[in-house]
Amino acid sequence: MAEPQTRRFHVDFDSPPEAVWPILADTVRYNEAAGLPRYTVTETPQADGTVLYEGRTKIGPFSLAWREVPANWVGGRWFQIRREFYNGPFQDLTARFELTPAAGGRTCAGDYTLSATPANLLGRLLLRTRFLEKAGKTFTVLAGDARRYAAGAAAAPFRFSAPKADPALRRKVDALVGEIEASGHGHGLARRLADHLLGAQEADLVHIRPLALARDWGAAERAVIELCLQAVRAGLLTMRWDLLCPRCRVAKAAVHALDQLPKGAHCATCNIDYERDFSRNVELSFQPAPTVRALGTGEHCLFGPMSTPHIRLQIILQPGERRAEPCALPPGSYRLRSLEAGPEAEVTLAAGEALPEIVLSGEAVSLGPAGEADKVVLRNASPRPVTAIVEERPWLRDALTADRVTALQAFRDLFSDQVLRPGDEVAVARVALLFTDLRRSTELYGNIGDAAAYQLVRDHFAFLGAIVRRHDGALVKTIGDAIMAAFTKPADALAAALDIQRELGSFNAAGQRPLTIKLGLHEGPCIAVTLNGRLDYFGTTVNMAARLQGQSQGGDVVLSEAAAEDPDVAALLAGFEVGAETTALKGFDTPVAFRRVRL
């Protein structure tokens, strides 16, 4: 029987593990920079609830097929990736990377171990001709790039040669940059986006997230969102709606229009079915337009720690195995489960609290005796191998969810055709709604005439719309002399309402007659629907916001108790005269408490 051959490569880093890990644990980026070929993946559910992952690719004259063993890792410490081949020169190939912090934690050392078992004469010849050493040399070069990037001495994690853009493409991109900036949505960032599309690794382009770009560039989130939306309209980017799996948080369905959005999807990786939720797992992402930069197809790595960074630990346990793995978990909420479809449990850790022993039986995930400090103790009580997972509960911080983007004015202005199918409805977990109306508008028409009053009302709509957009909201519709606006955050809705009342004096100074505006806002769950050809909202939250506007006397802001209890709203209310009132509202069985803000 052939014996595996192993080689180990050592690198010292001048940065702490938390700076090095995100670079070298990004196996998709690493494999692309190493020049490894993409491969196709087949995920086949098995009768016992597990999933068989198989990869296929071609390297020179060789067509290779293998079983992709789920990766093992502990975030910030080590990862191991293994392939078991059906054909080709090797029986198996395993790569393991481990970071060891130095005393004090300011620097660390990295050890990269490669192991391969030859399957035939060709495999033995490859190993004799230093196959592992050549792979190790590539690692040493890329680890050097990572060292410089972690220390702040390089602009990108790995040196990379992007496809060369010919002069005609450069001229086209230059024209698109000018068009985007002229629209008012470029915010001086269009050139930076264009350079990113032409020069970045594909790992950065296959799933462009505006919120991540904003953080990396030090730019305002809304500015980068508007930039990307306008870039789609100009033809620099394409956009798609991704339906993210609630477990692995990877898109398992993607469409280019909201009216194509399925009600749910199946994740073959996790072997589960799941439903859509505008507020959690429907994400708008972007890619370069194919005429600007065509991307390859297939995977550079199916499993990798930074592909699912919310997973802090993923380890395969054999039947009956108990394992105590060093792993310091910060305070927070965690979900405990297996990669295979099955039960799960949740736990919240306080500062300094040890995670109890995790017991996976196949029928339940339970917490056993008290664990050990800075360790995760795992036990497989089932009769088959189990891939244990400890993951953070907070959702993707960089996901531009559908509830947020559809509540932005730029999206509604540029993509008014992006609506749901007639009769379709989608749950929105939370939206803040602001209703306005003019006090004594009937008198206004009688005093200055229909034509003048109509123009004044139109001007006041533009005045309101500018403030709503400034506070990351969108005008959903006008209703006579009133508007309905939507915001993702209630604090943004309140900030817009306060600015409307504060700035109304300046608006009135330029008009024929002074206007008085009544304002009411509420936040809560609702459903998104298509009504009269536009995305609209429906439900009790909408009714409550409209009724509260009716309680406004003009010059004030009325908001619900639910909105007032939001911590950011409470901070905005500090310093204002805020009164608490209760009244009966039409359509509601019990009296409704609300707050009145007087400016």
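Phe286 touches (contact: heavy atoms within 4.5 Å) Leu205, Val206, His207, Ile208, Pro210, Cys228, Leu229, Val232, Leu237, Thr238, Met239 and Leu400, leaving aside residues up to four places away in sequence. The model is predicted, with local features needing pLDDT of at least 70 and side-chain atom pairs counting only at pLDDT 80 or more, while totals for chains, interfaces and linings use all residues. Residues are numbered from 1 along each chain as its sequence is written, and side-chain values use heavy atoms, without hydrogens and water.

**Exercise 1.** Determine which residues of the largest nonpolar core touch the most other members.

*Solution.* A nonpolar core is a set of buried Ala, Val, Leu, Ile, Met, Phe, Trp, Tyr and Cys residues joined through side-chain atoms within 4.5 Å, where buried means under 20% relative accessible area (1.4 Å probe, protein chains only). Among the 74 residues of the largest core, Leu229, Trp241, Phe278, Phe286 and Tyr537 touch the most other members. Helix 8 (residues 221-234) gives this core its largest share, 9 residues.

**Exercise 2.** Explain why strand 12 is described as largely enclosed.

*Solution.* Strands (E, at least two residues) and helices (H or I, at least four) are DSSP runs, numbered from the N terminus. Of the 7 residues of strand 12 (residues 282-288), 6 are buried, so the rest of the structure largely encloses this strand. Strand 8 (residues 237-244) runs antiparallel to strand 12 and is joined to it by 7 bridges, pairing being defined by at least two DSSP bridges. Trp241 has Leu284 of strand 12 as its bridge partner.

Notes: Buried < 20%, exposed > 50% of the residue type's maximum accessible area, 1.4 Å probe, protein only.
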